[in-house]
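Q: Could you walk me through this structure, starting with the overall fold and then going on to a few local details?

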Amino acid sequence: MKLIEIQSSIVPLLLLCAISIVGYFVGKIRIFGISLDVAAVLVVAIAVGFVISISSIIKIDQSLNNALDLYSKMGTALFISAIGVSSGTSLAKGSIKKNFLCFLFGAIMVCSAIICAKCIEAADSTFDKSLLIGTLCGALTSTPGLSVVCEDINIVSENAVVGYGAAYLFGVIGVVTFVQWGVNPFNNKERKLATYSGKDNVNSSLVFMFITILFGILLGSIRIPYVKFVLGLTGGLLISGIIVGAITYRYNSSKGRCVCDMDPYKKLGLLMFLAGNGIKAGAKLTSSVDIRCFVYGAIITIITVIIGFISTVKNMNCCRKSVVCAERLFMIIMY
């Protein structure tokens, strides 16, 4: 007699919750002041996927893959929309000159990373393209860039996630070092945004999120005539979020209200995205992992940080959020 019988239809939800819990505690671990935070979910998800692939406890079939794809898309919608709204708020707060400088220096960093990746591709033609693009995203710690890559039908998304996970840890170290030592941040008063509190305000933020997602899906589905170009889900959501974030900030400012806290939506979406893709990546770990992911990721991160340091230090007083906003925009343009 079985004491516990778990239906196969709820296995994906069970995995998502378990991975999120374990990832939360793993992300709290600090080594030399650096932690993986929410991104630890990716490491745990890859490990879980690997264990599933070599055991017979859970079978990765089409229904499980479909459920994981659904979680991944839902996570992408929440995360990218929240990033867009936060970026739109930051753009609305800053001056045109400062926004332009943030975008320019962010673009310089990302373009240097892409050029470096292209040089690696030319020097090592045997390295899988999906792994290389995932490694590029991990070296830049660009989860939105990874979500764009996973939408491309010409890319093996599981390989891209493996490359992302391999390069991410060193990427975090490089980005944290650059932010703490290479960029002069705003003071705490300028960086901290007041947030909504209260049931009505939370409900309003939910409505804005749904509006952002709906508008973003429609925007990303528009095919531009003649050039046959579409923004895709990630591009549409990000641009939609920036527009909604800028408009709502202006509206709230005129009414004397505080800005909305996007952090819960951002983290929930990131959890779902990383867990959904990490499990599938872990299932292919034995056949996809390559030591070159770590090496190439470190090279891309180091070159990008050096160029970013040379470009920004003593030239601008820019917060990390603005640089990352430009980074995400250029990842969407390039991919």
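A: What follows goes from the overall fold to a helix pair, the aromatic pairs and one asparagine.

A: This is a predicted model, in which local features need pLDDT of at least 70 and side-chain atom pairs count only at pLDDT 80 or more, while totals for chains, interfaces and linings use all residues. Residues are numbered from 1 along each chain as its sequence is written, and side-chain values use heavy atoms, with hydrogens and water left out.

Q: OK, how many helices and strands are there in the protein?
A: The protein has 14 helices and zero strands, where helices are DSSP runs of H or I with at least four residues and strands are E runs of at least two, numbered from the N terminus.

Q: And how much of the protein counts as buried?
A: Of its 335 residues, 48% count as buried, that is, under 20% relative accessible area with a 1.4 Å probe and protein chains only, whereas exposed means over 50% and partly exposed lies in between.

Q: At what angle do H2 and H11 pack?
A: Helix H2 (residues 40-54) and helix H11 (residues 263-283) pack at about 35°, and their axes are 6 Å apart; axes are lines fitted to C-alpha atoms over the stretch in contact, and angles run from 0 to 180 degrees between N-to-C directions.

Q: Which residues make that contact?
A: On the H2 side they include Val-41, Leu-42 and Phe-50, and on the H11 side Leu-271, Leu-274 and Ile-279 are among them, with contact meaning heavy atoms within 4.5 Å.

Q: Switching topic, how many aromatic pairs does the structure hold?
A: It holds two, a pair being rings of Phe, Tyr or Trp (its six-membered ring) with centres within 6.5 Å, called stacked if the planes are under 30 degrees apart, edge-to-face if over 60 and tilted for the rest. The rings of Tyr-24 and Phe-25 have centres 5.2 Å apart and planes at 80°, so this pair is edge-to-face. Phe-127 and Tyr-296 have ring centres 5.1 Å apart and planes at 85°, so they too are edge-to-face.

Q: Last one: what does Asn-277 touch?
A: Leaving out residues up to four places away in sequence, Asn-277 touches Ser-72, Cys-150 and Val-161. Asn-277 lies in helix H11 and is buried, with a relative accessible area of 5%, and its side chain reaches the backbone oxygen of Phe-273 at 3.0 Å.

Notes
A polar contact is a pair of N or O atoms within 3.5 Å; within protein, one must be able to donate a hydrogen and the other to accept it, and residues adjacent in sequence count only if both atoms are side-chain atoms.
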